[in-house]
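Colleague: I would like to learn how to read a chain interface. Can we go through one together?

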Protein chains: 2
Amino acid sequence: MSAIANDNASVASCALCVQAGGEVLWDDGFARIVLADEADHPGFCRVILNAHRKEMTDLAEVERARLMNLVYVVERALREMLQADKINLASLGNMVPHLHWHVIPRFPDDPHFPGAVWGPKAREGAHPLPAGFARTLRQKLAETLGR
Amino acid sequence: MSAIANDNASVASCALCVQAGGEVLWDDGFARIVLADEADHPGFCRVILNAHRKEMTDLAEVERARLMNLVYVVERALREMLQADKINLASLGNMVPHLHWHVIPRFPDDPHFPGAVWGPKAREGAHPLPAGFARTLRQKLAETLGR
């Protein structure tokens with residue numbers, strides 16, 4: 001299945017149309033997986049549809065399944081690599097209405113636990129990542145997803 | 001496909017094992033759809049797996065797809081009924097590690113827009129629902145999902 005063609009609307013002004021949105025770890029043209037630059041949550045990944053679409057129900061069923069499969073692959077990788085206490089998944093997009101899934105490893109000592117990462121901080125100090133995390137995750141995604 | 005059997009762990013103390021978690025609009029034994037009691041966001045729905053499972057990757061692929069199909073049905077219903085500016089989807093579960101999807105219609109005049117509903121309020125006053133919303137949504141779910 002190839003990439004989805006973009007609508008014209010809003011693309012020029014959309015942050016996720018004009019920027020990668022993080023360090024790109026994997027991209028097959030349909031969607032990309034990035035390591036977000038979130039200092040409080042250093043393992044925070046995003047799965048971003050490459051085309052400019054707003055809601056999951058704007059996609060065909062097969063496209064939704066394809067996008068969610070990437071979310072689950074990232075969830076599984078983060079669980080295996082980080083032994084996270086919980087994985088948070090969210091597609092919000094109120095500010096950037098271009099489909100992107102937040103995949104966030106959560107730890108009891110992270111700045112917002114047990115609250116949502118968008119809420120008030122409970123403490124300072126990010127839960128540290130193991131050395132070489134981005135490189136290892138990139139390799140793991142390539143092995144799992146085949147590129 | 002029948003309901004998933006529960007593990008023993010944590011069930012007795014889990015809020016979503018012992019309570020419905022809102023006004024139940026639909027339930028097929030596998031999962032239920034509830035209208036949450038969230039005063040700031042009166043159209044806030046939740047799709048709750050009936051079995052006690054923590055992460056999406058704890059489910060089989062067919063179970064994940066079945067659960068997400070319910071999320072998309074609710075998303076579509078909320079879009080049609082409320083003309084929401086955005087639908088927010090999230091599976092967090094840091095406090096209640098029992099799979100439940102928040103499906104939240106968002107409006108420019110709602111208390112948190114454009115922020116996440118878990119963040120600071122930008123204003124007071126919920127976006128009102130049309131009269132008979134719960135009843136109409138219940139009927140719509142029954143028509144779409146067949147019970």
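Colleague: Which side chains of chains A and B meet in a salt bridge at 2.7 Å, N to O?

Modeller: First, the ground rules. This is a predicted model, where local features need pLDDT of at least 70, side-chain atom pairs count only at pLDDT 80 or more, and totals for chains, interfaces and linings use all residues. Residues are numbered from 1 along each chain as its sequence is written, chains are lettered from A and ligands numbered from 1 in written order, and side-chain values use heavy atoms, without hydrogens and water. A salt bridge puts a side-chain nitrogen of Lys or Arg within 4 Å of a carboxyl oxygen of Asp or Glu. Here Lys86(A) and Glu55(B) form one. The count between the two chains is 4.

Colleague: How many residues of each chain are in contact?

Modeller: Contact means heavy atoms within 4.5 Å. Chain B contributes 31 residues and chain A 31. Buried area is the accessible area (1.4 Å probe) lost when two parts are put together, summed over both. For this pair that is about 2,900 Å², 50% of it on carbon and sulfur atoms.

Colleague: How do the β4 strands of the two chains run?

Modeller: Strands are DSSP E runs of at least two residues, numbered from the N terminus. Two strands pair if DSSP finds at least two bridges between them. Strand β4 (residues 86-91) of chain A is joined to β4(B) by 3 bridges, antiparallel. Ser91(A) has Leu89(B) as its bridge partner.

Colleague: Is Leu78(A) buried or exposed?

Modeller: Buried means under 20% relative accessible area, exposed over 50%, partly exposed in between (1.4 Å probe, protein chains only). Leu78(A) is buried because its relative accessibility is 0%. Its C-alpha lies 6.6 Å from that of Pro105(A), 27 residues apart along the chain.

Note on methods. Helix = DSSP H or I, 4+ residues; strand = E, 2+ residues; numbered from the N terminus.
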